[in-house]
Amino acid sequence: MTTRASRSPRRRTVVALAVVLAVLVGFIVRLVDIQVVNADEHIEDSMEWAFSGSRDLHGSRGAIVDTAGNTLAGSILRYDVVIDPKNTGDITRADDDDVESTLTWPEASGLIGSVTGQEADDIQRIVASALAADPADQYEFIQRGISTEQYRALADLKLPYLTFEQHPARTYPDGAVAGNLIGFMGTDEVPLAGLELSQDGCLTATDGQLHFQRGKDGVIIPGTEVEDPAVDGGTLELTIDRDLQWYLMQLIAEQVQDMGALSGSIMVTEVGTGKIRAAAEFPAVDPNNVAASPDDDRRSRIFTDWFEPGSTFKALTAATVIDAGGQNAQSTVVAASTETFANGARVRDSFVHPAYNYTLTGVLIDSSNAAISRISETVDSQTRYEYLQRFGVGEGSAVDFPGEQTGLLRPASEWDNQTVYNTTYGQGLTTTLPELVGAYGAIANDGERVPLTLVESCTAADGTVTTPDTPDPVRVVSEDTATQVQQILENVALQANYADEIAVPGYRIAVKTGTGEKSDPVTRGYKSGAYFTTMIGFAPADDPQYVVAVTLDEPTKVKSSVANAAAFQQAMTQVLKTYRVMPSTTEPPVLPKFG
């Protein structure tokens, strides 16, 4: 028989066990909830609180390369020097022989400055100012963007209060070669001009982050790093040939200076593809040292400037009257050096002569304004306007270069009596060098205009290759018309008064010059004695492969387009040599100048 005294302790034991079991069950239920039911949510929460530190991981901006893969713009590592102001001070350390020495803070700041290019006092002032503002400050920049060599020199000092943050920076190995095309970056690594700006979507990198947990002493706890990797930018391949670009850049710089011109350019395109193989200009900008160039020299005049093309447009008028006006290379027209037209317009040639019975070929050989105006009457103004449009005048290029200009071609309905004739010889309208090169490319390509291209492709970090969308080729004139104009321009190269200056031994070439007047924004007329000169052509004339154009802005030594002759001849020679174009094996057709 159980007494009351013995039952009481048992009862208390059972109750206590029940309470313990209930608490234990509660813990188990909660543990299952944390570890199983809502594990993901709690892991995320714990990681968010546990990983108390992070650091940006910088991807490298993509390279810009030429058609052979040579680097025109690339990325290198730069380092920011960070100091821990709170822990600066004298350092006692032993050498390899266990001999102790003390490096004082003033001595250390002098060593740092000898590498970074700063005075010791400047470094000490940075630290003193930081501590004055916050005695616990452990993070201040001493210098940003130092080179790898400087970083190694500082690291060799083994100063415990110095750390380094690396990041990519832009470099241009060939300096000003294609600098006006490539463009440049700002000090904050933001693209500001050229292809760096327009192709930023290809070149830009995606930064990542490294998350980690720090201990009480601020040291990263091993095994706690979680990396969200950076993605490098893509590689932008251009159609440019770096070596040809370099040669032509030296050439145009020399010609600009020899002729006392304001600026100049040379452009080379491949006839069948429209690929721009060179676009050299002077003055030029070195993207490594943009501040050394005036603002106006930091752009690409090739794409951002327009001009009156002058007599280079006579070839387009000739193509129009052949294609739509029933004329041919030997059609005749009678014109004196000054002609007055039925609508009252007057047109003068640059030289005085009696009424000549010119062939259309002779009109271009002598570059007669009056004669091209007369023969243009075989087609109406609207037709000529439509042909100029098909040649690409006023359209710009497919390159889509930042700040690219387009020519100004007003509708024929807006042409006054004088403009009707001025447009036949390249006045009363404007064009750009890419537009002019594209138009001559159409003549050289048997009448079909192929859009110009400067970008070959973009290859992303994962190997994906994308190519730019370009418009379809445009049939401008018939193949027969183009052949006749090719022959006319070849006879210009053979019979013009500058023929010997532009001849390329072994090759048949075609050419035309243009001397365009320059407008004066003050008087709203033309500048006196100031011209924009152009020489453009293609070779071999019997099988056109390349178009070459040379421009000079306001040459003063020789003011006509003959000022461009030496550079054109040397440029064409170099192009034919660079691409190993076979010499001509047939004789050119010699066409009569007069009827």
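Where is R298 found? R298 lies in the loop between β12 (276-282) and α10. The legends below describe a predicted model, in which local features need pLDDT of at least 70, side-chain atom pairs count only at pLDDT 80 or more, and totals for chains, interfaces and linings use all residues. Residues are numbered from 1 along each chain as its sequence is written, and side-chain values use heavy atoms, with hydrogens and water left out.

View 1. R298 is partly exposed, with a relative accessible area of 25%. Here buried means under 20% relative accessible area, exposed means over 50%, and partly exposed is in between (1.4 Å probe, protein chains only). R298 touches N180, F184, V285, V290, A291 and S293, not counting residues up to four places away in sequence; a contact means heavy atoms within 4.5 Å. R298 and L181 are 117 residues apart in sequence, and their C-alpha atoms are 9.5 Å apart in space.

**View 2. R301 and D296.** R301 has its place in helix α10 (residues 301-304). R301 forms a salt bridge with D296, and the closest N and O atoms are 3.3 Å apart. A salt bridge is a side-chain nitrogen of Lys or Arg within 4 Å of a carboxyl oxygen of Asp or Glu. R301 counts as buried because its relative accessibility is 16%, while D296 is partly exposed at 41%. Not counting residues up to four places away in sequence, R301 touches S263, E281, P283 and D296.

**View 3. R299 and D305.** The side chains of R299 and D305 meet in a salt bridge of 2.5 Å, N to O. R299 is partly exposed, with a relative accessible area of 24%, and D305 counts as partly exposed at 24%.

**View 4. K518 and D553.** Which side chain meets that of K518 in a salt bridge? The partner is D553, at 2.6 Å, N to O. This pair links distant parts of the chain: K518 is in strand β21 (residues 510-520) and D553 is in strand β23 (residues 546-553), 35 residues apart. K518 is buried, with a relative accessible area of 16%, and D553 is buried too, with 12%. Elsewhere, salt bridges that share partners join D296, D297, R299, R301 and D305 into one network. The structure holds 22 salt bridges.

**View 5. A negative surface patch.** D95, D96, D97, D98 and E100 form a negative surface patch. Patches are made of residues with over 30% relative accessible area and no salt bridge, with like charges joined within 9 Å and nonpolar side chains (Val, Leu, Ile, Met, Phe, Trp, Tyr) within 5 Å. Asp and Glu count as negative, Lys and Arg as positive, and His and the chain ends are not counted. The place of a charge is taken as NZ of Lys, CZ of Arg, CG of Asp or CD of Glu. D96 is found in the loop between β4 (91-94) and β5 (100-103), and D96 counts as exposed because its relative accessibility is 82%.

**View 6. A nonpolar surface patch.** L21, L24 and I28 make a nonpolar surface patch of about 290 Å². Accessible areas come from the Shrake-Rupley method with a 1.4 Å probe, and for residues only the protein chains shown count as cover. L24 is found in helix α1 (residues 4-37) and counts as partly exposed, at 46% relative accessibility.

How values were computed
Helix = DSSP H or I, 4+ residues; strand = E, 2+ residues; numbered from the N terminus.
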